[in-house]
Every structure is written in structure tokens, then in C-alpha cells.
Amino acid sequence: MRNEAAAARWRSVGRQTVALHRGELPTTARWWAAIWETGHRIAALDGATSLLAWGLTGFDEPMIHLSVKHSHDLSSLTGVRLHKVVRRVDGEVCDVGVPRVRPAIAAIRAAGWAVSDRQSALILLMTVQQRLCTPEHLLTACKQAMGRRRRRFVRQVVADIVLGVQSLGELDFARLCRSRGLPEPSRQAVREGPNGRMYLDVRWEDWALVVEIDGVQHRQGLTLSLDNLSRNAVSLQRDTVLRIDLVGLRLWESAFMDQVAAGLTPSRRVRGNSTHPNAAAYLESGVRVGRR
């Protein structure tokens with residue numbers, strides 16, 4: 001091996017790893033090198049790196065995240081972030097191929113290791129959206145492998161995902177409703193539209209009020225036209241449809257949420273005679289549409 005390296009045909013990647021070429025290592029090779037340099041019996045890909053190894057797409061993480069038991073004392077490696085965990089959950093590591101933590105556990109740890117709350121929520125949502133694990137598996141993992149950071153936040157996001165939140169926009173909206181004491185809506189309600197079944201982001205059954213959270217994907221290609229057809233059909237069925245785009249929700253949060261509250265007034269209730277107590281308390285506070 002020394003002769004091949006001296007002849008510039010091979011190169012040393014570390015103390016335990018030799019590349020049989022002089023070019024850049026592909027991603028999978030870098031994962032294996034990190035495992036071998038750390039110790040293949042004690043280390044496993046974890047967090048966002050493990051999710052990428054399981055097939056997560058649309059997310060980029062330049063650092064390689066490895067987890068090891070807290071009792072191991074290891075030196076740092078370039079481009080590798082070592083995380084010490086107190087204990088391993090039974091069966092959490094899959095050793096077929098590159099050793100990696102199973103998706104639900106890895107997602108919970110990645111959420112705690114993320115650089116921001118928003119990235120944390122994005123990782124959890126993408127893991128479920130891309131079918132790497134179910135919301136129920138995520139909830140179980142939340143109880144088994146919760147770290148020290150963002151414990152309350154991660155629990156709340158997982159609870160929202162289990163209830164049916166499908167995107168960051170819906171997640172933000174659910175939190176805004178909760179902070180204002182508004183009634184809990186149904187999520188991903190199913191209705192019949194001109195092109196078959198359609199899924200409404202948020203709906204209050206008793207008020208026949210629908211809120212659609214429009215992300216960037218709603219402005220691509222023919223999506224806008226198809227969405228308009230579907231939502232018009234909902235309006236013709238006597239539901240009131242409020243549309244909120246994510247940029248508008250960031251810039252005029254109070255004004256949009258005032259409109260939602262106005263749609264939940266007692267006079268607009270179509271089922272039952274009583275008003276949800278939280279909505280009543282909020283409305284009695286004097287909030288009106290357009291006030292900041």
C-alpha cells in the first residue's frame with residue numbers, strides 16, 4: 001500500500017482507509033471512510049446523514065453525522081460531526097450496507113441537532129412526506145430517543161404531524177391558531193371536486209370555513225389553474241375559502257389571522273348554537289379584521 005501511494009496511484013484517506021484512486025470520493029465512500037476511521041463496531045450514520053442514506057431527497061447536509069455511545073472517547077475527524085448518545089434503542093442500527101440508524105430515530109435526533117427550529121421542523125416533515133417512516137413511528141421514536149435540545153419544540157411538531165399537518169405552511173398556521181386560542185380545525189379534509197378527490201389544508205366543519213396555505217408549488221405550471229378550479233368547487237358547495245400564501249403569512253401575519261378569526265364569529269356558525277369558548281374569548285377581546 002505504501003508503494004502504491006508513493007507511486008501516486010492510491011492515496012490514504014485516514015489511518016484505516018485507503019482509496020484505490022486519486023480522485024474525489026463519492027458520497028457513499030465518504031460515509032464508509034467516516035465509519036471505518038471512527039470504528040465500525042461503535043459508530044453509525046445518524047441524523048440527517050442517516051436519512052440521506054435511507055433515500056431522503058431535497059435536503060443537503062455537507063457534514064457527516066455519526067453517533068457513538070457516550071462512553072467512547074474519540075478524536076475529531078475533518079468533515080465529520082460525532083454525537084455521543086446515552087444509549088442505543090434496541091434495533092435502531094441497520095447494519096445491512098453502511099451502518100445507519102433507522103429513519104424515525106434518526107429524524108428525531110436530526111431535529112435536535114438542526115441549526116434552527118425551522119430546519120428541525122423541515123427534517124421531521126420531509127421524513128414523513130417521503131415515506132421514510134410513518135407519523136406513528138415518529139411519535140414512538142420521540143418517546144425513545146429524545147435528545148437534550150428542542151425537546152418541547154420537537155414534541156409539538158411531531159404531535160402536529162400525527163394530527164395530519166403536511167407542510168411547513170400548515171405547521172406554522174396550526175401554531176398561530178393555537179397561540180390565538182382559536183378552535184382546532186380538521187386537517188387534510190377530503191372533498192369531491194371537479195377532478196375527483198381533493199384534500200383541503202384546513203377546515204372548520206361547524207363554520208364551513210376552509211383555509212388553503214399556498215406554498216411555492218402552487219404557482220408552478222398548471223397547478224394554479226387546477227387549484228382555482230378545485231377551490232371554486234368548494235366555494236360553490238357553500239364553504240368560505242380563505243387563501244393565504246406563505247410570503248403573505250410572514251409579512252402580514254396579524255391581518256391574515258384577523259380574517260380567519262372573523263370567519264369564526266358566532267354569526268357565521270352553521271352547525272350548532274354555541275361558539276367554541278376559545279374563539280368567543282378571542283373575539284370578545286375586540287380584535288377586528290385589519291387591526292394589527
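Helices (H or I, at least four residues) and strands (E, at least two) are DSSP runs, numbered from the N terminus. The model is predicted: local features need pLDDT of at least 70, side-chain atom pairs count only at pLDDT 80 or more, and totals for chains, interfaces and linings use all residues. Residues are numbered from 1 along each chain as its sequence is written, and side-chain values use heavy atoms, with hydrogens and water left out.

E170 lies in helix α8 (residues 168–180). E170 is buried, at a relative accessible area of 5%; buried means under 20% (1.4 Å probe, protein chains only). Its C-alpha atom is 9.3 Å from that of D214, 44 residues apart along the chain.

Strand β4 (residues 64–69) is mostly covered, with five of its six residues buried. Strands pair if DSSP finds at least two bridges between them. Strand β3 (residues 44–45) runs antiparallel to β4, and two bridges join them. Here L45 stands opposite L66. Strand β5 (residues 80–85) runs parallel to β4, joined by six bridges. In this pair, H65 stands opposite R81.

Helix α4 (residues 103–113) packs on helix α6 (residues 135–144) at an angle of about 60 degrees, and their axes are 8 Å apart. Axes are lines fitted to C-alpha atoms, for helices over the stretch in contact, and angles run from 0 to 180 degrees between N-to-C directions. α4 is therefore oblique to α6; angles under 35 degrees count as roughly parallel, over 145 as roughly antiparallel, 65 to 115 as roughly perpendicular and the rest as oblique. The contact (heavy atoms within 4.5 Å) involves A104, I105, A107 and I108 of α4 and H137, L138, A141, C142 and Q144 of α6.

Methods. Buried means under 20% relative accessible area, exposed over 50%, partly exposed in between (1.4 Å probe, protein chains only).
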